[in-house]
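Here are my notes on this model, point by point. Please keep the coordinates open while reading.

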Amino acid sequence: MKPSMLRPGDKIGIIAPSWCGPATVPHRVENGVRALEGLGYQVVLAPNAKGRYRGYLSGTPEERAADLHTMFADPSVKAIIAAIGGNHSSQILPYLDWDLIRANPKILMGFSDVTTLNIAIHVQTGMVTFHGPSLMVDFAEFPRPFDYMLDSFRRTLCQAGPPGICEPSPAWTDEYLTWTEKLDLTRPRVLTPNKGWTWLKEGQATGRLMGGCLESLQHLRGTPYWPDFDRAIFFWETSEERPSPSWVDGVLADYENMGVLQRLSGMIVGRPKDYPLEWHEEVRQVILERTRKYTFPIITDMDFGHTAPQFILPLGVQAEIDTAAGRFAIVEAAVTE
């Protein structure tokens, strides 16, 4: 089930399903809203998006679920974008009205902790959801959002054809200029020239995109919301909390024991944020060790997740990997007319 594409003048709703980021750093919300309005969209914040509960949440689970329901039920809202992630989106899953969401398909996008919503909604309703930019992180970039991200936004959400070939970004950054001190408003972040993606394991593959932030995926294990990885291209990335290579090793071993790795068509991995140089290579070696029994192709150090800029990955949509041609492409439309 695919949502309708975004058109000029459409209304975008903003939710805060976990951390009270909008209440903590309001200028990032203002900058993100200004950027979306500059692209020609109307923007509306959910009633509890600027709330604060227990010092780290935007509201109770019921309030946060109600915000999501409000946005899905409002026919004037054509897309829902998360303000930011956190660590508690899973709290709202028991309160969600799957019939309401299923009856009102529309674009839902975010990353990090929003992984739990993206996957749970996809599993329960069949709706394509989107691992991609959030309001406070990507659209609030100073002095303006990255062109690379905006290009992916337009190709994935604003036209009813396949997004097509994804190329490495010209440059990237994981620099953090402290938001609470407004250092992010003093200068653009320092960019590092992109050496390209790492074509870690050769091969060709076609499969449905499925995945998200590896730490957030852990919230779904053993629940009714765990996705089907049969013939999937599994995409994953890690957060600013910098889970160590040994932690990643343990999780991938768990996935093998769960039967996940055996079922995959391919794997793509986002560039890790704030990793020491030696950890980059160590994680690559961990991935090779954990997948040595399998023949599916693997690409690492890709431009999605917690480094910027990032491209959008629609869950449930067909993609292709061809390492010999150095090609990764999303070959199915993610939205309809």
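1. Asp-184. This is a predicted model. Start with Asp-184: setting aside neighbours within four places in sequence, Asp-184 is in contact with His-27, Arg-28, Phe-142, Leu-177, Thr-178 and Trp-179. Two of these partners deserve a look at the side chains. The Asp-184 side chain makes a polar contact with the side chain of His-27 at 2.9 Å. The side chain of Arg-28 also makes a polar contact with that of Asp-184, again at 2.9 Å. Asp-184 sits in the loop between strand E7 (171-172) and strand E8 (192-193). Is Asp-184 buried or exposed? Its relative accessible area is 5%, under the 20% cut-off, so Asp-184 counts as buried.

2. Cis peptide bonds. Pro-143 is placed in the loop between H6 and H7. A further cis bond runs from Ala-308 to Pro-309, with omega near -5°. Pro-309 belongs to the loop between strand E13 (298-302) and E14. As background, most peptide bonds are trans. Please check both sites by eye.

3. Helix H7. Which residues of H7 are buried? They are Tyr-148, Met-149, Leu-150, Ser-152, Phe-153, Thr-156 and Leu-157. These buried residues pack against strand E4 (107-110), strand E5 (130-131), helix H6 (135-139) and strand E14 (313-314).

4. Ser-152. This residue lies in helix H7. Ser-152 has a relative accessible area of 3% and is buried. Beyond four places in sequence, Ser-152 touches Leu-157, Phe-311 and Ile-312. Pro-133 is 19 residues from Ser-152 along the chain, and their C-alpha atoms are separated by 9.9 Å.

5. Pro-163. Pro-163 is buried, at 6% relative accessible area. Which residues does Pro-163 touch, not counting those up to four places away in sequence? Arg-155, Thr-156, Ile-330 and Glu-332. Of these, Thr-156 is also among the buried residues of H7. Pro-163 and Val-335 are 172 residues apart in sequence, yet their C-alpha atoms are 10.0 Å apart.

6. Positive phi. Ser-112 is not a glycine, but its phi is positive, about 60°. Ser-112 lies in the loop between E4 and helix H5 (115-125). Ser-112 is buried too, with a relative accessible area of 11%. Arg-231 likewise has a positive phi of about 60° without being a glycine. Its place is the loop between helix H8 (214-217) and strand E11 (232-237). For context, most residues other than glycine have a negative phi.

7. H9 against H10. The axes of helix H9 (residues 245-257) and helix H10 (residues 277-290) come within 9 Å and cross at roughly 15°. Angles under 35 degrees count as roughly parallel, and H9 and H10 are therefore roughly parallel to each other. Their crossing is right-handed. From H9, the contact uses Pro-245, Val-248, Asp-249, Leu-252, Ala-253 and Glu-256; from H10, Trp-279, Glu-282, Val-283, Val-286, Ile-287 and Arg-290. By class, these residues are eight nonpolar, no polar and four charged. The spacing deserves a comment: an α-helix has 3.6 residues a turn, so residues three or four places apart point the same way.

Conventions
Residues numbered from 1 in each chain as written. Predicted model: local features only at pLDDT ≥ 70, side-chain atom pairs only at ≥ 80, totals over all residues. Heavy atoms only, no water. Axes fitted to C-alpha atoms, helices over the stretch in contact; angles between N-to-C directions. Helix = DSSP H or I, 4+ residues; strand = E, 2+ residues; numbered from the N terminus. Parallel < 35°, antiparallel > 145°, perpendicular 65-115°, else oblique. Left-handed = near helix turned anticlockwise from the far one by under 90°. Contact = heavy atoms within 4.5 Å. Nonpolar A, V, L, I, M, F, W, Y, C, P; charged D, E, K, R; others polar. Buried < 20%, exposed > 50% of the residue type's maximum accessible area, 1.4 Å probe, protein only. Polar contact = N/O pair within 3.5 Å; in protein donor to acceptor, adjacent residues only side chain to side chain.
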